Amino acid sequence: MAFAVDNKRIARNTMMLYIRTILVMLISLYMSRIILEVLGINDYAIYQVVGGMVSMFSIISSSLSVSISRHITYEIGHGDKIKLRNIFSTAVTIQIFLAIIVAIACEIISIWFIDSKMQVPPDKVIATKWVLQCTIVTFCFSLLSVPYNACIVAHERMKAFAYVSLLDVSLKLGACFLLKLFSADHRLVGYAILLMVIAICIRAVYSIYCYKNFEECRGKLHFNKPIFKEMISFSAWSFFSNTTSIVNNQGVTMLINHFFGLTYNAARGLASQVEGAVMQFVSNFTMAINPQITKSYAAGNLDEMYGLICRGAKFSYYAMLFFSLPLILEMKPILALWLKDVPEHTAIFAQLTLIMGMCDSIGSSGYTACMATGKLRNYALIVTPVGCLEFVFSWVLFVFGAPAVSSYFLYILVKVTILIVRMILMEKMIGLPIKKYMKQVFYPVICTSFFAIIIPISFKVLLPDTVLYGLCTVFVALISVVICVFFIGLTNTEKQIVSSYLNRIKHK
């Protein structure tokens, strides 16, 4: 019964988030085309690099954000309302002080990088510094929204989350059109200012919604020292663990800027947007299932948690495969259709970034389960050094003259290694047997991928390179994934659930 209830809740929340994602993705893709056209490649690349510098400081904030989300979700599952209220109040207080610290650190380090290391045209230095100031303010307001976002997700109010996301992307689309009213020299700064104003507005919307709907979000702010120590203890190791993502993503972006210049940064930024659009579909499912994993652990339902972990890993990968395979096979014509001017190397960067995302999608539910324990020391000490190898070896490769694309191949190898390490850690931390995880996740994922890829690749290789045959390849790739997932990738129980759901839709 619990299995059925959880599946219904996850399916309902996932469907709501999918509707939101389709709309957000369509608007975002169109918005990217407009922004690249209005700003130009150089200004677009400058914004990507400056945004990357500021987001590097999320290594400080993301660890606390993870801690806040975990503690709020855990206490909802545990049922202690008084402690939940104290956790939220303490979390907001922490984020206020953290925003001040991050703003000061960003100012000092980022200004130094712009003046001494960044490759930027002399006439764009002042504009770049203005963009930096606006980006810092935007980032700080996003920090203040973390406890409120955590409450919405933990309470599984995905409808509200979807509506606010649509408001956010709609305002950003409006900002893109407003940019055309600015002169060419002021568009970069204007864009940064508009995004800053939007961030402030979205922060206000989240606060009002949470105040009206969640009891723990009301009342005066106060600081609870024992809860603070508990959060810091968790976030200290989370901080160490999150180093991998920030160093690899933003660190390599800065390396590419230093060794290869702005054009490569523009290509990397667009490739990341392609992956981000696809990953939104996967994150919808993980966002719906992750609170269930943490609550199951809090309630002591380990068998239920094991099932959620395996289903989460498997279905996240299938969603990623469904959307990624057609894009990987037909990336160049799709980019040409999306953008007027496609920066060199964008296609190969985007293809390899999607493969990296497919590897990442498998591990999300396992990471959530490890976090649910609250004991991250061993996880952080083992996974983080392995993950940081990508940045270190990319630096070495670039110094010895390797092309920019080499960092992507290296990152895929690192991702696969982390998957294996995480699987071993899950057995030690939560008792999930390696054989069970291999049987329920890796075996079906590998078999499904192998058979799903064969026919579309054959079409791509054998048919002429035309628009019509390209559309045929995309269609065949989608159908191939659906068929292989159903007949190879699902258990008999999962097939019955899917068939029952489709029959209900058919008879409505």
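Helix α10 (residues 302-329) packs against helix α16 (residues 434-462) at an angle of about 10 degrees, with the two axes 10 Å apart. Axes here are lines fitted to C-alpha atoms, for helices over the stretch in contact, and angles run from 0 to 180 degrees between N-to-C directions. This makes α10 roughly parallel to α16 (angles under 35 degrees count as roughly parallel, over 145 as roughly antiparallel, 65 to 115 as roughly perpendicular and the rest as oblique). The crossing of α10 past α16 is right-handed; a crossing is left-handed if the near helix is turned anticlockwise from the far one by less than a right angle, and right-handed if clockwise. The contact of α10 with α16 comprises 17 nonpolar, three polar and three charged residues. In this classification Ala, Val, Leu, Ile, Met, Phe, Trp, Tyr, Cys and Pro are nonpolar, Asp, Glu, Lys and Arg are charged, and the others, Gly among them, are polar.

The model is predicted, and local features need pLDDT of at least 70, side-chain atom pairs count only at pLDDT 80 or more, and totals for chains, interfaces and linings use all residues. Residues are numbered from 1 along each chain as its sequence is written, and side-chain values use heavy atoms, with hydrogens and water left out.

The protein has 18 helices and zero strands, where helices (H or I, at least four residues) and strands (E, at least two) are DSSP runs numbered from the N terminus. Of its 508 residues, 53% count as buried (buried means under 20% relative accessible area, exposed over 50%, partly exposed in between, with a 1.4 Å probe and protein chains only). Among contacts in the protein with a separation of 6 or more, 84% are between residues 24 or more positions apart; contact means heavy atoms within 4.5 Å.

Helix α10 also packs against helix α17 (residues 467-489), at an angle of about 160 degrees and with the axes 8 Å apart. The pair α10 and α17 is therefore roughly antiparallel, and their crossing is right-handed. On the α10 side, Lys-314, Tyr-318, Leu-321, Phe-322, Leu-325, Pro-326 and Leu-329 take part, and they meet Thr-473, Val-474, Ala-477, Leu-478, Val-481, Val-482, Val-485 and Gly-489 in α17. By class, the residues of this contact are 12 nonpolar, two polar and one charged.

A further helix pair is formed by α4 (residues 125-144) and α7, whose axes come within 9 Å and cross at roughly 10 degrees. Helix α4 is thus roughly parallel to α7. Helix α4 contributes Ala-127, Trp-130, Val-131, Cys-134, Val-137, Thr-138, Phe-141 and Leu-144 to the contact, while α7 contributes Leu-188, Val-189, Ala-192, Ile-193, Leu-195, Met-196, Ala-199, Ile-200 and Arg-203. The contact of α4 with α7 divides into 15 nonpolar, one polar and one charged residues.

Side chains of opposite charge can pair when their charged atoms come close. The structure holds four salt bridges, a salt bridge being a side-chain nitrogen of Lys or Arg within 4 Å of a carboxyl oxygen of Asp or Glu. One of them joins Glu-215 and Arg-85, with an N to O distance of 2.8 Å. Glu-215 lies in the loop between α7 (187-213) and α8 (225-260) and Arg-85 in helix α3 (residues 81-116), so that distant parts of the chain, 130 residues apart, are linked. Glu-215 is partly exposed, at 43% relative accessible area, and Arg-85 is also partly exposed, at 28%.

A salt bridge also connects Glu-330 with Lys-460, the closest N and O atoms being 3.2 Å apart. Because Glu-330 is in the loop between α10 and α11 (331-338) and Lys-460 is in helix α16, this pair ties together parts that are 130 residues apart in sequence. Glu-330 is buried, with 5% relative accessibility, whereas Lys-460 is partly exposed at 31%.

In the salt bridge of Asp-360 with Lys-415, the closest N and O atoms are 2.6 Å apart. Asp-360 belongs to helix α12 (residues 346-372) and Lys-415 to helix α15 (residues 406-430), so the pair ties together parts 55 residues apart in sequence. Asp-360 is partly exposed at 34% relative accessibility, and Lys-415 is buried at 11%.

Trp-338 is located in helix α11 and is buried, with 11% relative accessibility. Trp-338 and Tyr-30 are separated by 308 residues in sequence, and their C-alpha atoms are 7.6 Å apart in space.
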